[in-house]
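Thanks for coming, everyone. Please have a look at the model on the screen, and then I will walk you through it.

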Amino acid sequence: TMQRSLPVCLNEFIKFLIADKELSVEEMKFVKNEGKDFLVYGNPMFGEDQQKPYGYIIVIHDITDSKHLERIRTDFVANVSHELKTPLTSIRGFAETLRNGVEDPEVVESFLGIILEESERLQSLINDILSLSEIESKKVAYDEEFEVHSCFEEVVLMLEPQAAEKRQSLTLEKAGEPIYLYGNRNKFKQMLINLIENGIKYTPEAGAVRISTKRVDGLLEFKVADNGIGIPKESLGRIFERFYRVDKARSREMGGTGLGLSIVKHIVQTFQGKIEVDSTLGVGTTIRITCPIKE
């Protein structure tokens, strides 16, 4: 069933064909119908009279999705270039200054610290890009059964020192029974690390990050809740986009690459799961994920 906008597209294109009386290829953009893109091919059909066509064959392709993906790829390349350029410019600038001679040992130490920090940022960015590419290309095996609570325990143990530095409480409330998923255990842990690290980063000193799991109708439901800075309503629909940042300056200052939640979303999809976000500015954020359980 074609879109309601199609007759408009078709009529306009037929008029164009009849006016030109020759083989034509036309790509059309519809702004009035939610920006639909159609690639329309037309071929006049001739009988004995080679001068006057007796009809036309019209082939119409809805290329809206492919156009959207093309724009995403273009934006991704532009964003990657920008994100790589920023730390590289900083590293080069401080390295050139040191090469020209800086006598004050404290200044030298400060410059070297900045170079090290920027290089670590580059490394994190490259790792996230590679991880995203790996997940999207399905080069990772997703064929193992594992118990989820051991993943939560390992990640909480790993991140407790980060929470302790900010005097935050990091708590885990587990379902009373073992729960098994089918997929890639390491990617599941990576998803948890990204979510919980975000909670710690964007929650003030002495705040709280709470993780809970339960079984609901054949699904694993787990939540990562914090009482941090929250997310504005206008940004909630975009936080899983690549390189989207609610607060660019704060995100970069805290070492964010802008890819963490995009990676989370892709990993959730590999588990046939769903992700929901509930957030209030100045109150906190709760991320809820549900995944089918391996019975």
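**Charges, rings, strands and a pocket**

R238 is partly exposed, with a relative accessible area of 39%. On that scale, buried means under 20% relative accessible area, exposed means over 50%, and partly exposed is in between, with a 1.4 Å probe and protein chains only. Before I go on, a word on sources. This is a predicted model, where local features need pLDDT of at least 70, side-chain atom pairs count only at pLDDT 80 or more, and totals for chains, interfaces and linings use all residues. Residues are numbered from 1 along each chain as its sequence is written, and side-chain values use heavy atoms, with hydrogens and water left out.

Back to R238. Its side chain meets that of E241 in a salt bridge, 3.1 Å from N to O. A salt bridge here is a side-chain nitrogen of Lys or Arg within 4 Å of a carboxyl oxygen of Asp or Glu. E241 counts as partly exposed, at 34%. Salt bridges that share partners also join K214, E221, E276 and R288 into one network. How many salt bridges does a search of the whole structure find? It finds 11.

Two others deserve a look. K174 and E153 meet at 2.4 Å, N to O. K174 sits in the loop between strand 5 and strand 6, and E153 in helix 4, so this pair ties together parts 21 residues apart in sequence. Helices (H or I, at least four residues) and strands (E, at least two) are DSSP runs, numbered from the N terminus. K174 is partly exposed at 40%, and E153 is partly exposed at 37%. Now R121 and E118, which form a salt bridge at 3.4 Å, N to O. Both lie in helix 3, 3 residues apart, about one turn of the helix. R121 counts as buried at 16%. E118 counts as buried at 12%.

Next, the rings. There are 7 aromatic pairs. The rule: rings of Phe, Tyr and Trp (its six-membered ring) pair if their centres lie within 6.5 Å; planes under 30 degrees apart are stacked, over 60 edge-to-face, and the rest tilted. F152 and F222 have ring centres 5.3 Å apart and planes at 75 degrees, so they are edge-to-face. F152 is in helix 4 and F222 in strand 8, 70 residues apart. F152 is buried at 0%, and F222 is buried at 1%. F188 and F271 are edge-to-face too, 5.6 Å centre to centre with 70 degrees between the planes. Both are buried. Ring pairs link F146, F152, F188, F222 and F271 into a cluster.

Now the strands. Two strands pair if DSSP finds at least two bridges between them. Strands 5 and 7 run parallel, joined by 5 bridges. S169 has A208 as its bridge partner in strand 7. Strands 7 and 8 run antiparallel, with 8 bridges. In their hairpin, 2 residues lie between the strands, and D217 takes a positive phi near 50 degrees.

Last, a pocket. Which residues lie nearest the centre of the second largest pocket? They are I72, F240, E241, R242 and S262, among 25 lining residues. Helix 2 gives the most to that lining, with 9 residues. A pocket is an open set of points on a 1 Å grid over the protein atoms alone, where a 1.4 Å probe fits, with protein on both sides within 12 Å along at least five of seven lines; lining residues have an atom within 4 Å of a point.
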